[in-house]
Amino acid sequence: MRSRMASVKHTLAVMSGKGGVGKSLVTACLAQAFAARGLRVGGVDADVSGPCAPRMLGAASGFGGTSTDGVQPAIGHGGVKVASMGLLIGAGGEPVDWKEPAPGTLRAAWRGAIELTALRELIGDVAWGDLDILLFDLPPGTGDKDAALLGLLPTLGGAVFVTTPSPLVMDIVERSIAFAARIGLRTIGVISNLDGDIQSDGAMTPTSVLGLPLLGRLPHDPALGVMCDQGQP
């Protein structure tokens, strides 16, 4: 994994601790924004049970085959390189399931180990080539599994946290920020999603949120959701 990552200049995790706040949307938008600036960008969909990066980035055609360098990533809009479990499963709506090796196996522990192995392969088996930045769209939650997941990512540069203006959501995200600080992960700032209507000034006005810089606000814009569904972030 370190060998694969040696040619990646910067790595960034997109986190929250709360599901449904728009981490994948923010990751897709960041990837396109970086690519629009002429940077070489890659994205790892670390939510192996609920992958959506291929569809959101317009990279649903699958991996690009294998070579002596490794598995070639899928290519999305703007030339963004993508690795996701979503590139390996069908479109029939079946859940991503992991079969335990024998009856009576501790399924939760087995599932966690297999998910980490899958993520390790998504990172380590893909021939990323030279990248300016590699984004990691992390699943929600904090705990031992997440610490192990973050431990897989060598030389992780930092994390951006996604929240909404809801006090309930911000309470949960605050715990995720505290968790990141506890394990020594650099926190860069917060992006507030669903923050006001597209035609208003928004709901959040402070320059900092949860003790971190407010990097940006995404309004509630139905057109944005439609475009991401269509693979046009």
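The buried residues of helix H6 (residues 167-182) are Val 169, Met 170, Ile 172, Val 173, Ser 176, Ile 177, Phe 179 and Ala 180, where buried denotes a relative accessible area under 20%, exposed one over 50%, and partly exposed a value in between, computed with a 1.4 Å probe and protein chains only. The model is predicted, and local features therefore need a pLDDT of at least 70 and side-chain atom pairs count only at pLDDT 80 or more, whereas totals for chains, interfaces and linings use all residues. Residues are numbered from 1 along each chain as its sequence is written, and side-chain values use heavy atoms, with hydrogens and water left out.

An α-helix has 3.6 residues a turn, so residues three or four places apart point the same way. H6 comprises 16 residues and reaches 23 Å from its first C-alpha to its last, close to the 22 Å expected at 1.5 Å a residue, the expected span being 1.5 Å times one less than the number of residues. H6 lies across E1, E8, E9, E10 and strand E11 (212-217), and runs at about 165° to E8; contact means heavy atoms within 4.5 Å, and axes are lines fitted to C-alpha atoms, for helices over the stretch in contact, with angles from 0 to 180 degrees between N-to-C directions. The helix is followed by Gly 184, which has a positive phi near 80°. Helix H2 (residues 23-36), in turn, lies across strands E1 (8-15), E2 (41-45), E7 (131-137), E8 (159-163) and E9 (187-192), and runs at about 170° to E7.

The protein contains seven helices and 11 strands, which are DSSP runs numbered from the N terminus (helices H or I, at least four residues; strands E, at least two). Nine strands form an open sheet of mixed pairing, in the order E5-E6-E2-E7-E1-E8-E9-E11-E10, two strands being paired if DSSP finds at least two bridges between them. Strands E5 (74-75) and E10 (208-209) stand at the edges with a single partner strand each, so one side of each is left without a neighbour in the sheet.

E8 pairs in the parallel sense with E1 over three bridges, where Phe 161 is the bridge partner of Met 15, and five bridges join E8 to the parallel strand E9, where Gly 189 is the partner of Val 160.

Buried residues make up 44% of the 233 residues in the protein. The structure holds zero disulfides, defined as pairs of cysteine sulfur atoms within 2.5 Å. The sulfur of Cys 29 is 5.2 Å from its closest cysteine sulfur, in Cys 228, too far for a bond; Cys 29 is partly exposed, with a relative accessible area of 23%, while Cys 228 counts as buried at 3%.
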